[in-house]
Amino acid sequence: MKIGIFSGSFDPIHIGHAMIASYAAQWTDLDEVWLMVSRLNPLKIDSEPASEYDRFEMAKIVASGCEGVRPSDFELRLPVPSYSYRTLTELKKTYPENDFSLIIGSDNWLGFDRWRNSWEIKREFGIYIYERPGFPVDPETLPSGVRLIEGAPQSLISSTFVRKALKERKDLNFFLPEKVFEYVKQKQLYIR
């Protein structure tokens, strides 16, 4: 199977993440997209983060509503630090019957050469890029093994925006998948 790894802290996972995962699963040649919950970047947290358990539970909720999308806590079980190349290499060892590729936003693509083992990721696994507003990609300039997910929906929503809005007790019915919003409210996440 061809599997796209869509990795992120998903703190919380929002409608933009769900749209990209669903679109990649349905409109590319990937057989599945795995929502790979990663550890939190300590430099990115601007409020009380959700636990790994809660972030994985929210990814499970999103995956349950998206055909061809499944949640994964694989990276959470790897030693720290776990760079993308290491995660992909360990996935290949664990699931040798599958071919894995990385799914990233065009904002990340612009700085991808600074990633650890970026050349090996492109050569050994391949990359699918979805465009983010303000970060256009010319598919004609992409190297071998890297492709643009043509027509992918774009969203300006971010987890930072969602956390701030939740802290301010805003109604986020149209920003989070309904069941994720219910989970966040039930668990009282991000409001401390």
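**Exercise 1.** Across which strands does helix α2 (residues 52–64) lie, and at about what angle does it run to β3?

*Solution.* The model is predicted: local features need pLDDT of at least 70, side-chain atom pairs count only at pLDDT 80 or more, and totals for chains, interfaces and linings use all residues. Residues are numbered from 1 along each chain as its sequence is written, and side-chain values use heavy atoms, with hydrogens and water left out.

Step 1. Helices (H or I, at least four residues) and strands (E, at least two) are DSSP runs, numbered from the N terminus.
Step 2. Helix α2 lies across β2 and β3, where contact means heavy atoms within 4.5 Å.
Step 3. Its direction is about 170° to β3; axes are lines fitted to C-alpha atoms, for helices over the stretch in contact, and angles run from 0 to 180 degrees between N-to-C directions.

**Exercise 2.** Determine the strand order of the sheet and its edges.

*Solution.* Step 1. The open sheet has six strands, ordered β3-β2-β1-β4-β5-β6, with parallel pairing; two strands pair if DSSP finds at least two bridges between them.
Step 1. β3 and β6 (146–148) each have a single partner strand and stand at the edges, so one side of each lacks a neighbour in the sheet.
Step 2. From one strand to the next, the twist averages 30°.
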